[in-house]
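Hello,

Here is the structure I promised to pass on. My notes follow below it.

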Amino acid sequence: MITQLEAVTHHNEQVTPDFRTICRDLVIDVSGVGKVRIVDFVRTGERIIGDVFASWKVLVEREGSHDPFVVWTLVATNEGFAVQSGSYCATLEQARKAYESR
């Protein structure tokens with residue numbers, strides 16, 4: 001049986017960057033940031049061709065950073081995943097609070 005993580009990884013390999021999606025524990029490369037692991041997410045916008053890109057509220061974990069947890073708006077653009085405005089947190093507990101209040 002294929003896991004959700006395996007299915008999403010396979011899907012993302014088959015489509016253009018603007019049609020990529022995410023799931024928990026997926027490691028993605030974010031433009032200008034590097035690799036991050038999705039801890040939690042909720043979709044905030046659907047992809048409408050010629051108009052808007054898909055977007056999510058995400059809680060991610062970054063390795064080797066002073067603030068390893070970040071809550072961002074993540075967008076799947078033509079160039080790949082990009083982020084907008086973030087709350088940077090030292091602990092997962094702080095990040096969960098920021099995620100819930102966003």
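**Surface and overall build**

The chain exposes about 6,100 Å², and carbon and sulfur atoms supply 51% of that area. Accessible areas come from the Shrake-Rupley method with a 1.4 Å probe; for residues, only the protein chains shown count as cover.

Please keep in mind that this is a predicted model: local features need pLDDT of at least 70, side-chain atom pairs count only at pLDDT 80 or more, and totals for chains, interfaces and linings use all residues. Residues are numbered from 1 along each chain as its sequence is written, and side-chain values use heavy atoms, with hydrogens and water left out.

The chain has two helices and five strands. Read from the N terminus, their order is α-β-β-β-β-β-α. Helices (H or I, at least four residues) and strands (E, at least two) are DSSP runs, numbered from the N terminus.

The radius of gyration is 13 Å, which agrees with the value near 13 Å for a compact globule of 102 residues. That radius is taken over C-alpha atoms, and the globule rule is 2.2 Å times the number of residues to the power 0.38. Along the principal axes, the C-alpha atoms fill a box of roughly 35 × 35 × 25 Å.

Of the 102 residues, 38% are buried. Buried means under 20% relative accessible area, exposed over 50%, and partly exposed in between (1.4 Å probe, protein chains only).

Contact means heavy atoms within 4.5 Å. Take the contacts between residues at least 6 apart in sequence: 32% of them join residues at least 24 apart.

Now the charges. There are 11 positive and 14 negative side chains, and the centres of the two sets lie 3 Å apart. Lys and Arg count as positive and Asp and Glu as negative, while His and the chain ends are not counted. Each charge is placed at NZ of Lys, CZ of Arg, CG of Asp or CD of Glu.

**Aromatic pairs**

The chain has two aromatic pairs. The rule: rings of Phe, Tyr and Trp (its six-membered ring) pair if their centres lie within 6.5 Å; planes under 30 degrees apart count as stacked, over 60 as edge-to-face and the rest as tilted. One of the pairs is W72 with Y88, which is edge-to-face, at 6.3 Å centre to centre and 85 degrees between the planes. W72 lies in strand β4 (residues 69-77) and Y88 in strand β5 (residues 80-89), so the pair ties together parts that are 16 residues apart in sequence. W72 is buried, with a relative accessible area of 2%. Y88 is partly exposed, at 44%.

**Buried positions**

For the residues below, the contacts leave out neighbours within four places in sequence.

- N12 sits in helix α1. It is buried, at 10% relative accessibility. N12 touches R20, T21 and L26. Its C-alpha is 16 Å from that of E46, which is 34 residues away along the chain.
- I28 is in strand β1. It is buried, at 5%. I28 touches G34, K35, V36, I38, L74 and F81.
- P68 is in the loop between β3 (55-61) and β4. It is buried, at 17%. P68 is in contact with V60, E61, R62, C89 and A90. P68 and P17 are 51 residues apart in sequence and 25 Å apart, C-alpha to C-alpha.
- T77 belongs to strand β4. It is buried, at 14%. T77 touches P17, D18, F53 and A82.

**Positive phi angles**

Two residues deserve a look at the backbone. D25 has a positive phi of about 70 degrees although it is not a glycine. D25 is in the loop between α1 (4-14) and β1 (27-30). It is partly exposed, at 43% relative accessibility.

S85 has a positive phi of about 30 degrees, and it is not a glycine either. S85 lies in strand β5. It is exposed, at 53%.

Best wishes
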